[in-house]
Amino acid sequence: ELSRRIGSTVAEMLLVDPGLRVTSGAKAETETSIRGFPARTVLVLLDGRPLNPGYYGKVDLSMLPIDNIAKIKVVKGPSSVAYGANSMGGVVNIVTRNGWETPRTTIAAEAGSEGYRREAINHGGRRGRLNWWLTAYESAADGFPLSDDFTPTALEDGGRRDNASWQKAGVTGKLGFERSPAEEYALSLGWHTAEKDIPTTVYGWDDPRYREFPEWARYHAALNGRWLRGSDFEASSVVFVDAYRDRFIEYPGPERDPAAIDYDSDLENWTAGFSGDASLRRGAHRLRAGMSGKRDLYNKRSDIGEPWVSHHLFSGNLFVEDAW
């Protein structure tokens, strides 16, 4: 299904999924709700590690490119306890590619109206017990076109949407090692960065604000392991570190004069955690048990010169599940 859909991000891939609602909020960040449950109750996993920050709890899926993604599984409604905490609304489980597939290198480029462009390169391969997958991408646009029947207003004259430009780039890599057919490990690293404007309201009575993210960055490192013992026993684990930072600026007018800024805020989120589980099959039963935990450190500064404020959050999950 992914190959048949048009889009370059996870958010665009999920737009037409029944039961999902992917919207863009006041800061041009997507919010994903499942069957009415808000975004903070929808758990987003990437190769087993949760992406939801501890403070706000929601993930901007428009910042996740699909170049290195093998599949996306969406669980709607209350899910298995094995997924972890904060999944009452559902789960978006994303699995990335690895080099066990047919070795290949692909280069793709796109161009369109409103200054749109996108380039990506993927390379995967294997040698002996090692396998790898590398992805690099860059994309940008000056905005997006409004519909032909849009009625111009005092703040938006139609055509290309004002204050809607963006530029994104990133590099991800995964190195796998198969110690034996029943034991394998994978180390993944990633870096994503972006600069983007935030479209203002189109109506004068809505108190227009002119805002932008001049800096947006996310980094991660994760180590996954998987062990098999015969056809009945399987265990897996992941340890990870994730860092997120952005800078948010609001201007009083459309000229966005750097000398006249209403406020200039900074935000940082540092997450470290682990998860592990094991399952045993006996007849028609599959007994599964495991635990997970993570610590979020959230720092924010409302404006230049204001003090930094920190929030700490510890969350965990201990579960036993019998499916038959």
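This is a predicted model: local features need pLDDT of at least 70, side-chain atom pairs count only at pLDDT 80 or more; totals for chains, interfaces and linings use all residues.

Visitor: Which residues form a cluster with Phe248 through ring pairs?

Guide: Phe213 and Tyr263 do; ring pairs link them with Phe248 into a cluster.

Visitor: Over which ring does the charged end of Lys168 sit?

Guide: The charged end of Lys168 sits over the ring of Trp166, 5.0 Å from the centre of that ring.

Visitor: Back to the rings, then. How many aromatic pairs are there?

Guide: The count comes to 7 aromatic pairs. One of them joins Tyr185 and Trp227 in an edge-to-face arrangement, with 5.9 Å from centre to centre and 80° between the planes.

Visitor: What parts does the pair of Tyr185 and Trp227 tie together?

Guide: Tyr185 belongs to strand β11 (residues 183–198) and Trp227 to strand β12 (residues 210–229), so the contact ties together parts that are 42 residues apart in sequence.

Visitor: And is Tyr185 exposed, partly exposed or buried?

Guide: Tyr185 has 28% relative accessibility and therefore counts as partly exposed. Trp227, at 23%, also falls in the partly exposed class, because buried means under 20% relative accessible area.

Visitor: What about Tyr203 and Trp205: are they stacked or edge-to-face?

Guide: Tyr203 and Trp205 form a stacked pair, 4.9 Å centre to centre, with 10° between the planes. The angle places the pair in that class, because planes under 30 degrees apart count as stacked.

Visitor: How does Trp205 count, exposed or buried?

Guide: Trp205 counts as exposed, at 69% relative accessibility.

Visitor: Let us turn to the strands. What is the order of the strands in the open sheet?

Guide: The open sheet has 10 strands in the order β7-β8-β9-β10-β11-β12-β13-β14-β15-β16, and the pairing is antiparallel. Its edge strands are β7 (104–111) and β16 (309–323), each of which pairs on one side only. From one strand to the next, the twist averages 5°.

Visitor: Over how many bridges do β13 and β14 pair?

Guide: Strand β13 (residues 233–251) and strand β14 (residues 263–282) pair over 18 bridges in the antiparallel sense.

Visitor: Which residue in β14 is the bridge partner of Glu234?

Guide: Ser279 is the bridge partner of Glu234 in β14.

Definitions and conventions:
Residues are numbered from 1 along each chain as its sequence is written. Side-chain values use heavy atoms; hydrogens and water are left out. Two strands pair if DSSP finds at least two bridges between them. Helices (H or I, at least four residues) and strands (E, at least two) are DSSP runs, numbered from the N terminus. Axes are lines fitted to C-alpha atoms, for helices over the stretch in contact, and angles run from 0 to 180 degrees between N-to-C directions. Rings of Phe, Tyr and Trp (its six-membered ring) pair if their centres lie within 6.5 Å; planes under 30 degrees apart count as stacked, over 60 as edge-to-face and the rest as tilted. Buried means under 20% relative accessible area, exposed over 50%, partly exposed in between (1.4 Å probe, protein chains only). A charge sits over a ring if NZ of Lys or CZ of Arg is within 6 Å of the ring centre and within 35 degrees of the ring normal.
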